[in-house]
Every structure is written in C-alpha cells, then in structure tokens.
Amino acid sequence: MRVSVAGHRVLLIGLVLGVLPGGLGTSPSGVAEAQVYNFRIYTGLDGLPQAQVQAILQDRRGYIWFGTHGGLTRYDGAEFRTWTTLEGLSANTVTSLVEDWAGRLIVGTTGGGVCVRSGESFRCLTEADGLPDRDIRDLAVDSRGQVWAATDRGVAQLGEAGVVRVFTEADGLPSARVNRLVLDEGEVWAGTERGLARLRGGRFDVEPTGSPLRDRGITVLLSLPGGLLVGTHDGLWLRHEDDVTPLRAWDPSAVRLFVSDAARDARGTVWITTQDGVLRWDGRSFQRITSRNGLGFDQVNRVRADREGNLWFGTEAGVSKLVPGPFTLYTEREGLTNSFVRAFAEDAEGRLWVGTRNGVAVLDGDRW
C-alpha cells in the first residue's frame with residue numbers, strides 16, 4: 001500500500017509485513033519518541049584519538065576535522081589522521097576550528113592559545129604574541145578575513161603578524177569570559193557569561209535594560225535569515241532587530257536543557273545540540289532526538305552540516321553522523337500500536353490516522 005499524504009513532506013510507505021518484537025515502549029510522558037534515524041557512530045575503535053569531541057569543521061577540500069582532548073584529527077571518509085603536541089600543536093585539547101580566507105586551518109586550544117596550520121607545520125600564538133589568555137573558547141572569521149578569538153579574558157582580533165587588538169570589560173564587554181563569537185550582517189557579536197554584546201565603533205554595546213539576554217550566560221550564537229539565534233544555560237531565544245523572542249523548544253518544568261551548539265543545513269533546518277540530545281527546528285516546531293532515535297550519546301557538544309547534506313554531531317562519547325535518507329520508518333518503537341499496518345486516513349487537521357493489527361495510532365506533526 002502506498003499513499004501520499006497532503007501536508008507531509010515525505011512519502012510514507014505503509015505496509016510492513018511481520019511484527020517486530022515488543023517491549024520497546026514509549027517515552028515516560030506516554031507519547032512515543034520520534035522515528036529512528038540513520039546514524040553512523042565513530043569512536044576510538046574507528047580511529048578517533050579521544051571520545052570527547054569539542055569542535056567540528058569541514059574544510060574547502062571536503063575533509064572533516066575534529067577537535068578532541070587527545071588532539072586534532074582529520075577524517076577523509078576512510079580513516080582518521082591525528083596531530084598532537086608531537087606534531088607541533090601547542091596543546092592537545094582542541095576547542096574550536098575555523099578556516100581562514102587563505103585556506104589555512106585555525107585551531108583554538110585550551111592551554112595553548114591559537115595555532116595556524118600551514119602545510120604540515122603549526123605556528124602558535126600565546127600571551128607572548130598578545131593573546132589575553134591561552135584558553136580559547138571560540139573562533140570566527142569576519143568579512144575581511146580577519147580571525148577573532150573568544151577567551152576567558154576577552155576577545156582578540158588577530159592579523160597576519162599576530163594579535164591586532166584585545167577587547168575586555170574596559171571596552172564594553174559585560175564579562176571578560178566570552179563563550180561564543182558570531183558575525184551577523186558584518187557585525188561582531190560576543191556571547192559572554194553575563195550577556196550578549198555587539199561591537200560598534202570600536203566598543204562593545206550590551207543589551208538594553210530589561211532584555212532577557214542582558215545578564216544571561218550565552219552559550220550559542222547562530223546567524224539566521226530571520227535574526228540571531230541565541231542559546232543560553234536554560235533556553236533558546238530569537239533576536240530580530242531589537243526584539244527578543246523566547247523559543248519554546250521544551251517544557252522547562254520537565255527537563256532543563258543546556259544548549260551547547262547550533263548549525264543550519266542547506267535546507268534551512270536548524271540543528272541545536274544540548275546536554276540531553278538534539279533539537280531539530282524547521283522554523284515552526286521542534287523535534288527532540290536522543291539515543292532512542294539512534295544518536296550515539298545524549299550529551300552533545302557540537303554540530304556541523306557538511307556540503308553533502310550530512311550532519312556531524314560531536315558528543316562526549318564519539319561522533320554521530322546523520323545521513324538523511326529518502327524514507328522515514330515508523331514501527332512500534334516510534335509509537336505505532338503494531339508494525340503490521342492495514343490502512344491510512346488523513347483528517348481535516350492534517351493528522352495521519354494509521355490502522356494496525358493492534359488498534360489505531362495518530363501521527364500529529366512528528367509525534368504519535
């Protein structure tokens with residue numbers, strides 16, 4: 001049986017012969033988790049030097065780079081190759097990765113400052129070169145090709161010869177501990193432990209009094225066509241011009257999600273990582289993805305979308321690669337009352353009713 005359901009973006013193939021083993025159940029709330037996704041898991045057995053992945057980048061040649069506590073590693077589609085202090089890095093804990101306009105890999109570390117990879121060698125910058133601190137939390141490249149570094153003691157603007165300028169609380173930052181940097185419409189934004197700030201005229205301006213982003217710890221910044229996505233220790237916000245809107249991605253009374261990273265794929269879908277799974281946001285609604293859906297580990301640190309349409313998630317227990325497929329599979333694990341499907345119907349509200357060997361299930365959005 002095949003049916004095309006209006007309002008759904010996938011073609012649902014509905015006849016499943018045979019019954020899968022029971023006992024898979026539903027979520028504690030009584031609503032089943034969403035479907036199982038096509039994840040490929042990479043761990044130390046595959047060549048990762050260390051399981052805790054702190055940074056991800058796809059370079060212009062297509063290689064995928066990962067920063068771990070055990071060094072910098074590159075995946076070429078077949079195997080991993082790793083660089084550590086033995087190969088010239090100043091420290092083995094890699095926290096951030098960007099590529100500059102010349103195609104050089106810029107590596108942010110904990111304890112070793114910033115390292116620039118040229119060929120097979122590294123040139124590393126520390127306090128001796130003007131950095132305010134050796135602990136790098138984030139890196140960004142602006143529209144002029146200059147590299148910016150977020151540290152525990154301010155923001156550093158880097159040039160070819162080293163550090164150009166350092167911005168601290170004396171320059172308007174609400175806190176010297178800067179977690180994230182992002183370029184939005186040519187402007188530099190800094191997410192600090194005490195709120196959001198924007199660089200204007202050589203100084204950082206903080207959010208106005210009364211803004212929910214003024215004193216919050218900022219953990220994620222992502223530039224979107226509709227504004228600036230801001231993640232904090234306890235929520236998500238969309239900042240458009242001077243308007244700040246909370247995004248109700250979950251019930252805060254039921255679960256507290258620390259937001260750790262976000263990325264937008266080629267289709268415009270936003271993927272948000274937390275310390276308890278991943279949130280998929282299509283601009284209208286959220287879907288939560290956890291290990292129940294195939295994600296390797298629920299504590300997720302980083303996400304990047306590659307040019308082939310794959311999603312790479314850096315977790316505390318390796319890398320999970322999501323390969324989008326043409327089909328979406330629904331079984332008892334996803335909430336069907338039985339995997340033997342006999343009939344479909346769509347109601348006036350666009351919900352899909354599925355008749356099975358053991359009763360009826362209703363698909364409302366992404367949840368049964």
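Good morning. Two remarks on method come first. Residues are numbered from 1 along each chain as its sequence is written, and side-chain values use heavy atoms, with hydrogens and water left out. In this predicted model, local features need pLDDT of at least 70 and side-chain atom pairs count only at pLDDT 80 or more, while totals for chains, interfaces and linings use all residues.

How confident is the predictor in this chain? The mean pLDDT, which is the predictor's confidence in each residue from 0 to 100, is 87, and 87% of the residues reach 70 or more. Over residues 1–33, however, the pLDDT is below 50. That stretch still has 71 contacts in the model beyond near neighbours in sequence, where contact means heavy atoms within 4.5 Å. Where pLDDT is low, the predicted coordinates should not be read in detail.

Let me turn to the chain as a whole. There are 0 helices and 33 strands; helices (H or I, at least four residues) and strands (E, at least two) are DSSP runs, numbered from the N terminus. Of the 368 residues, 50% count as buried. Buried means under 20% relative accessible area, exposed means over 50%, and partly exposed lies in between (1.4 Å probe, protein chains only). Among contacts with a separation of 6 or more, 46% come from residues 24 or more positions apart.

Two strands pair if DSSP finds at least two bridges between them. Antiparallel β3 and β30 are joined by 4 bridges, and I41 has S320 as its bridge partner in β30. Strand β29 (residues 311–315) pairs with β30 over 5 bridges, with G314 partnered by V319. These two strands, β29 and β30, form a hairpin with 2 residues between them. Another 5 bridges join β28 to β29, where V303 has F313 as its partner. As for strand β30 (residues 318–322), 5 of its 5 residues are buried, so the strand is largely enclosed by the rest of the structure.

Beside this sheet, please find T43. The residue lies in the loop between β3 (39–42) and β4 (53–58) and is partly exposed, with a relative accessible area of 25%. Which residues does T43 touch, not counting those up to four places away in sequence? They are L48 and A317. The C-alpha atoms of T43 and S320 are 9.0 Å apart, although 277 residues separate them along the chain.

Finally, a search of the whole structure finds 1 disulfide, that is, a pair of cysteine sulfur atoms within 2.5 Å. The disulfide joins C115 to C124, with 2.1 Å from S to S, and the link is right-handed, with 105 degrees about the S-S bond. Are these cysteines buried or partly exposed? C115 is buried at 0% relative accessibility, whereas C124 is partly exposed at 24%.

Thank you for your attention.
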